[in-house]
Amino acid sequence: MSWAAHDLEPYAIQRHSRLKIAFVPLLLGSYAPDLMTKWYVYGVHLGPWKLKASEPAQFHRGWPGLGFTHSFLYGAVVCLIFWKVLGSKNWGVSFMIGQWAHALTDAGDTVGTMLLFPWTHHFAVGAWAYAGQTGRSTDAAAYFSGLGGMWDLVWIVYGFYSWRVLTRGYFEQRVFTADGFWRIANKAVPMTALLVFYRAEFFYGTSRWIAWTIWAHVVHDYPYDLSWGGPHWVHAAHS
Amino acid sequence: MKRPDRSQLITLLGYAGAAAIYITIGVLTTDFLLSVFVAAAFLLVTVWVVPAIVRRIV
């Protein structure tokens, strides 16, 4: 799985797409697969009960399970719902692009994703270890010690290189005008606050990358292992 | 590559300051790092609400 990449990719997509992209559904699409699944992968406490998948990787990425949320078909179906039921092709296509980016990025780990569901074959590049089954802390430590964390760093560096996508001018000319959502929101919320909201996901992705890295390698002493499929000190799940 | 102008650098400094606080809290309490909604609310408060209040007072 990926951590900060899903926060950061939408800015690069927004910049390079020749289509008219709506940022909010693009972001929703980028988060959607994990919104449905991650809470149950790590487990949550509900009073005296702990809800947690008995086989987290299977639940997250597999079938039976909710692995279909990481497939192209899922993005296409939600796209059609936005387009044909709710009447917004722009939101549908933007959601689909964000969700496809998520599914492709998560194919980078050792479990991979069922990109072509209902074909249940897992496309797995295997560059970094999938360790969701170990719990959130160990998963974070492993992720930010291997190539997954480095992949996030690529997006951070690229974001700073493309810093103009974060400027007020870019937001007002390209993002605000591409989607009626912003005009409606602007009736109740000042433009400056909308701009902060637009920048917030970049802020979140970058800041939490730094924070988790400090937590894993300064506060704790988890070793870096940038070898393919690493870090190998954690038990990685495979498809 | 065009370089940022003075006002853009000041904006960047504000965000960098907010990031420093967010990262410090996050390292000490990792639960703080788990939600994009918390991050967005934190950013709104630190780079919009607080400066607006300060400007009004000063």
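View 1. V24(A) is partly exposed because 19 other C-beta atoms lie within 10 Å, whereas a residue needs 20 or more to be buried. The model is predicted. V24(A) sits in helix 2 of chain A, which covers residues 23-35. Beyond its neighbours within four places in sequence, V24(A) contacts D179(A) and F181(A).

**View 2. Chain A as a whole.** Chain A contains 11 helices and 2 strands. Along the sequence the order reads α-α-α-β-β-α-α-α-α-α-α-α-α. The C-alpha trace spans about 50 × 40 × 40 Å along its principal axes. What radius of gyration does chain A have, and what would a compact globule have? A compact globule of 239 residues would come near 18 Å; chain A has 18 Å, so the two agree. Of the 239 residues in chain A, 48% are buried. Among the contacts in chain A with a separation of 6 or more, 66% link residues 24 or more positions apart.

**View 3. Helix 11 of chain A, with a kink at R199(A).** Helix 11 of chain A runs over residues 191-219. A kink of about 40 degrees is centred on R199(A).

**View 4. The side of chain A that touches chain B.** The contact draws 19 residues from chain A and 17 residues from chain B. Which element supplies the largest share of the chain A side? Helix 11 of chain A does, with 16 residues. By residue class, the chain A side divides into 13 nonpolar, 3 polar and 3 charged.

**View 5. The largest nonpolar core.** This core has 71 residues. Those that touch the most other members are I97(A), Y130(A), F203(A), W212(A) and L43(B). Helix 11 of chain A contributes the most to the core, with 13 residues.

**View 6. The surroundings of Y130(A).** Y130(A) is one of the core residues that touch the most other members.

**View 7. Helix 7 of chain A and its cover.** Helix 7 spans residues 136-143 of chain A. Its buried residues are D139(A), A140(A), A141(A), A142(A) and Y143(A). Which helices are among the elements that cover these buried residues? The cover includes helix 8 (147-161) and helix 11 of chain A.

**View 8. The cis peptide bond at P118(A).** F117(A) and P118(A) are joined by a cis peptide bond. Omega is about 15 degrees. P118(A) lies in the loop between helix 6 (89-106) and helix 7 of chain A.

**View 9. The cis peptide bond at P231(A).** The peptide bond from G230(A) to P231(A) is cis. Omega is near 5 degrees. P231(A) belongs to the segment after helix 11 of chain A.

Terms used:
Residues are numbered from 1 along each chain as its sequence is written. Chains are lettered from A and ligands numbered from 1 in the order in which they are written. This is a predicted model: local features need pLDDT of at least 70, side-chain atom pairs count only at pLDDT 80 or more; totals for chains, interfaces and linings use all residues. Two residues are in contact if their C-beta atoms, placed from the backbone, lie within 7 Å. Helices (H or I, at least four residues) and strands (E, at least two) are DSSP runs, numbered from the N terminus. Ala, Val, Leu, Ile, Met, Phe, Trp, Tyr, Cys and Pro count as nonpolar, Asp, Glu, Lys and Arg as charged, and the others, Gly among them, as polar. A residue is buried if 20 or more other C-beta atoms lie within 10 Å of its own, exposed if 12 or fewer, and partly exposed in between; C-beta atoms are placed from the backbone. The bend at a residue is the angle between axes fitted to the seven residues ending there and the seven starting there. A nonpolar core is a set of buried Ala, Val, Leu, Ile, Met, Phe, Trp, Tyr and Cys residues joined through C-beta atoms within 7 Å. The radius of gyration is taken over C-alpha atoms; the globule rule is 2.2 Å times the number of residues to the power 0.38.
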